[in-house]
Amino acid sequence: MELVVTSDTGTIGDLYALANELQEAGDAFAVATPAVAGTLVLCLRCLPADVGRRSFTRFERSEPALLVDLCVTEEAVDGLTTAQQREALGELLREWIGKASLSRSAPWSRNQRAELRHGAEQLLVRLGWLVGPRVRAAELCRAGHPLDEIAEATGLDLDEVENLFADTTSPD
């Protein structure tokens, strides 16, 4: 299955760069989903909440293409680091691709639908969008590793690791 990624963003957030990151991994997705015909089209949008745009999925038989139009609000990503945005989008993409793969309009078998979901999840994990460096850093914080070593091991800024440490050790 071919992967095409596009974005529609305002000035807040890093979705344009993140969309490019996904698109560059398109060949790996195609290799992971050889039995699934068509194109997975991901549109990443970051718009003001007052626009009221909602995420949706649709299967286009004429192409054939599975569209996942994912919209997050500028307010939701404002102030988040790129790593935080990546992880938030990774979870949303897993959820929406999972929903989209169940489209009754798509002609795929149960195994092909599973291959699509698995291929997408593999890609998101490989890129650090799922189980990314922030997740690894939080695990290392809980295990008691020194914060500077965690920052070095994960590639995160020390400030971000310190914030994760505070989040993982604060009683909720």
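Predicted model: local features only at pLDDT ≥ 70, side-chain atom pairs only at ≥ 80, totals over all residues.

Colleague: Which helices do the buried residues of H6 pack against?

Modeller: H6 runs over residues 133-142, and its buried residues are Pro133, Arg134, Ala137, Ala138 and Cys141. They sit on the same side of H6, because they cover an arc of only 135 degrees around the axis. In general, an α-helix has 3.6 residues a turn, so residues three or four places apart point the same way. The packing partners of the buried H6 residues are helix H4 (82-100), helix H7 (147-154) and helix H8 (158-169).

Colleague: Is Thr39 buried or exposed?

Modeller: Thr39 is in strand E2, residues 39-47. Leaving out residues up to four places away in sequence, Thr39 touches Met1, Glu2, Val4, Pro64, Ala65 and Leu66. Its relative accessibility is 14%, and the cut-off is under 20%, so Thr39 counts as buried.

Colleague: And Asn20, how does that one count at 33% relative accessibility?

Modeller: Asn20 belongs to helix H1, residues 15-24. Buried needs under 20% and exposed over 50%, with partly exposed in between. At 33%, therefore, Asn20 counts as partly exposed.

Colleague: Val4 came up among the contacts of Thr39. How far apart in space are Asn20 and Val4, C-alpha to C-alpha?

Modeller: Along the sequence, Asn20 and Val4 are 16 residues apart. In space, the C-alpha to C-alpha distance between them is 9.9 Å.

Notes: Residues numbered from 1 in each chain as written. Heavy atoms only, no water. Helix = DSSP H or I, 4+ residues; strand = E, 2+ residues; numbered from the N terminus. Buried < 20%, exposed > 50% of the residue type's maximum accessible area, 1.4 Å probe, protein only. Contact = heavy atoms within 4.5 Å. Arc of directions from axis to C-beta.
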